[in-house]
Amino acid sequence: MSVPQFYPWQVETAREWLGAQQRERFAHAWLIHGLAGIGKVEFARAAAAALLCESPQGGLACGVCSACTWYGSGNHPDFRRIRPEAVALAEGVLEDALDGDMEEPAEAGKAASKRAPSKEIRIEQIRSVESWVNTGTHRGGLRVVVLYPAETLNTISANGLLKVLEEPPPHTVFLLVSDAPDRLLPTLVSRCRRLPLATPPANVALPWLEARGVKDAAAQLAAVGGAPVAAARRIEADLPVRADWLDTLAQALARGQAPDTGALVDTLDKVPAPEWIDALQRWCTDLALLQAGAPVRYFPSLAEPLARVAARASRHAVADMARWLTRQRMIATHPLNAKLFAHDAMLRVTAACLKAA
């Protein structure tokens with residue numbers, strides 16, 4: 001394994017941030033935040049490598065020292081990752097997510113297999129790190145903890161972490177990564193220095209995607225709001241720029257007609273609810289932008305039918321629909337009757353878009 005590298009659009013920020021700070025005076029906790037899909041976790045992991053490196057070059061990891069070799073092989077004793085079991089499983093590694101369990105890793109793995117993987121960072125993980133940070137460092141330098149997504153801390157684990165940060169252990173740096181810092185405890189945020197990461201401009205993101213062999217890179221980038229890592233992951237998952245059912249919905253509403261709700265519901269029944277709700281939220285954003293006289297952001301190829309829908313629909317109805325979708329996104333992973341849920345959503349979208357301004 002190799003040491004994680006910063007993405008091209010992150011290198012300058014990383015050099016300015018890491019190179020200008022004296023390690024012995026480096027802030028003990030940082031909140032790294034920005035748009036989902038721009039590579040924040042990768043940034044934090046590359047930053048951890050740089051902080052642990054024993055011969056940094058311009059603030060970045062050298063990649064060849066003993067610390068970098070250990071980090072690259074996943075064995076650095078002064079590094080920990082904290083994330084939910086479900087995230088670890090998606091990444092293909094369970095053991096790291098179970099670091100906080102009181103059980104031995106093998107027993108913890110058996111326990112995890114008997115229940116659904118946790119989607120939250122649990123208090124056991126925080127307690128495990130709390131005991132670890134109160135021992136001396138193995139390499140005589142810094143100790144680094146990368147925690148993500150920070151918004152998956154539940155109330156108990158967030159307060160446990162707050163306790164650690166209120167009395168920061170020496171020679172320890174916490175890197176918290178979040179897509180939505182407004183969902184964190186204000187007291188927890190107040191204990192961190194904030195490091196916002198900007199969304200890379202298209203003239204940087206597009207060449208990176210094209211170099212990876214991505215076709216329709218501009219459309220793919222637009223579909224995820226300009227986040228190149230998210231676009232690359234969609235390509236790896238063989239996902240289209242947009243689902244066919246969005247085209248069907250847009251074309252019918254552009255003609256001032258209600259779509260075939262039954263057919264749409266049958267299609268959505270095969271799609272995870274968070275996925276189709278997310279698509280509808282982006283679709284609504286494009287409608288609202290057109291109604292405000294701005295160009296679409298997510299689906300440029302649907303600009304013409306969406307413009308006809310936007311011209312007819314009530315702005316208040318579109319705004320109400322967007323708020324409703326936001327509320328539904330929060331419960332989309334709860335046990336629901338998927339078909340009834342999709343049917344209700346399609347009826348609401350149709351009513352909002354056919355309601356005259």
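Arg81 is buried, with a relative accessible area of 12%, where buried means under 20% relative accessible area, exposed over 50% and partly exposed in between, computed with a 1.4 Å probe on protein chains only. The model is predicted, so local features need pLDDT of at least 70 and side-chain atom pairs count only at pLDDT 80 or more, while totals for chains, interfaces and linings use all residues. Residues are numbered from 1 along each chain as its sequence is written, and side-chain values use heavy atoms, with hydrogens and water left out.

**Salt bridges**

- A salt bridge is taken here as a side-chain nitrogen of Lys or Arg within 4 Å of a carboxyl oxygen of Asp or Glu, and by this rule the count comes to 14.
- Arg81 pairs with Glu91 in a salt bridge whose closest N and O atoms are 3.6 Å apart.
- Because Arg81 lies in strand S2 (residues 79–82) and Glu91 in helix H4 (residues 85–91), this pair ties together parts that are 10 residues apart in sequence; helices (H or I, at least four residues) and strands (E, at least two) are DSSP runs, numbered from the N terminus.
- Glu91, with a relative accessible area of 37%, is partly exposed.
- Arg233 and Glu42 meet through their side chains in a salt bridge of 2.6 Å, N to O.
- That pair links distant parts of the chain, 191 residues apart, with Arg233 in helix H11 (residues 228–236) and Glu42 in helix H2 (residues 40–52).
- Arg233 counts as partly exposed at 46% relative accessibility, whereas Glu42, at 19%, counts as buried.
- Asp278 forms a salt bridge with Arg282, with 2.9 Å between the closest N and O atoms, and both residues lie in helix H14 (residues 273–291), four residues apart, which is about one turn of the helix.
- Salt bridges that share partners also join Arg81, Arg83 and Glu91 into one network.

**Nonpolar cores**

- A nonpolar core is a set of buried Ala, Val, Leu, Ile, Met, Phe, Trp, Tyr and Cys residues joined through side-chain atoms within 4.5 Å, and the largest one has 49 residues, with Trp17, Leu18 and Leu175 having the most contacts inside it.
- Helix H2 gives the most to this core, contributing nine residues.
- Leaving aside neighbours within four places in sequence, Leu18 is in contact (heavy atoms within 4.5 Å) with Phe6, Phe26, Ala47, Ala50, Leu51, Gly59 and Leu60.
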